[in-house]
Amino acid sequence: MGKTLIITLVVLVALLISGVAIARYKGYCAGPEGRIGWMTDRIGRQLDLDDSQQQYLAQLKDQIVVSANELRRDRSTYVDQAIDLLESSEFDREKARTLLMQKQAQLASLSSDVIDAFADFSNNLNQSQRDKLQSMIMHHRERRHCKFACGDSKQLTQE
């Protein structure tokens, strides 16, 4: 019984280590840049993109990474400012509105750049590739168990 337990534990540890290594290699655990790299590689393979289309996809990827990095860089500043708002004895509504408007302006600017990059990519797909991309997005939404978060109102009426 002791040998069986040891062998079982060794096999479980080996499976765990290989699972983590595979996840890191494939981009699941590689941070935002790794995940977007994994995703764009997968999209490129699934849609069978030519060189020109690959370049537009790479530009989209780069724009997403730049936008995410900018948001991440500024996150601590916004959090610090929100904490400062809560430290005073009275909540400064005008300062909160200004902070919110600054964040919305930043998001609008970054969103515009990402939308332009996505439009360039999408406009260079043929109809079958566009249909495949749409199918991939719908499949992802269904598989990620985010129907409620993704706007499926059926869950609201079930509860």
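**View A. What helix 5 packs against.** In this predicted model, the buried residues of helix 5 pack against helix 2 (31-47), helix 3 (51-87) and helix 4 (93-123). Here, contact means heavy atoms within 4.5 Å, and buried means under 20% relative accessible area, with exposed over 50% and partly exposed in between (1.4 Å probe, protein chains only). Helices are DSSP runs (H or I, at least four residues), numbered from the N terminus. Those buried residues are Gln129, Leu133 and Met136. They cover an arc of only 60 degrees around the axis, so they sit on the same side of helix 5; the arc is taken from the directions from the helix axis to the C-beta atoms.

View B. Leu5, Ile7, Leu9, Val11, Leu12 and Leu15 make up a nonpolar surface patch, with about 590 Å² of accessible area together. Patch members have over 30% relative accessible area and no salt bridge, and nonpolar side chains are joined within 5 Å. A salt bridge would be a side-chain nitrogen of Lys or Arg within 4 Å of a carboxyl oxygen of Asp or Glu. Areas come from the Shrake-Rupley method with a 1.4 Å probe. Leu5 belongs to helix 1 (residues 2-26) and is exposed, at 52% relative accessible area.

**View C. Asp48 in its loop.** Look between helix 2 and helix 3 for the loop that holds Asp48. Asp48 isn't a glycine, yet its phi is positive, about 50 degrees. Most residues other than glycine have a negative phi. Asp48 counts as exposed, at 64% relative accessibility.

**Notes.** Residues are numbered from 1 along each chain as its sequence is written, and side-chain values use heavy atoms, leaving out hydrogens and water. Local features need pLDDT of at least 70 and side-chain atom pairs count only at pLDDT 80 or more, while totals for chains, interfaces and linings use all residues.

How values were computed:
Patch = residues over 30% accessible without salt bridge, like charges linked within 9 Å, V, L, I, M, F, W, Y side chains within 5 Å. Helix = DSSP H or I, 4+ residues; strand = E, 2+ residues; numbered from the N terminus.
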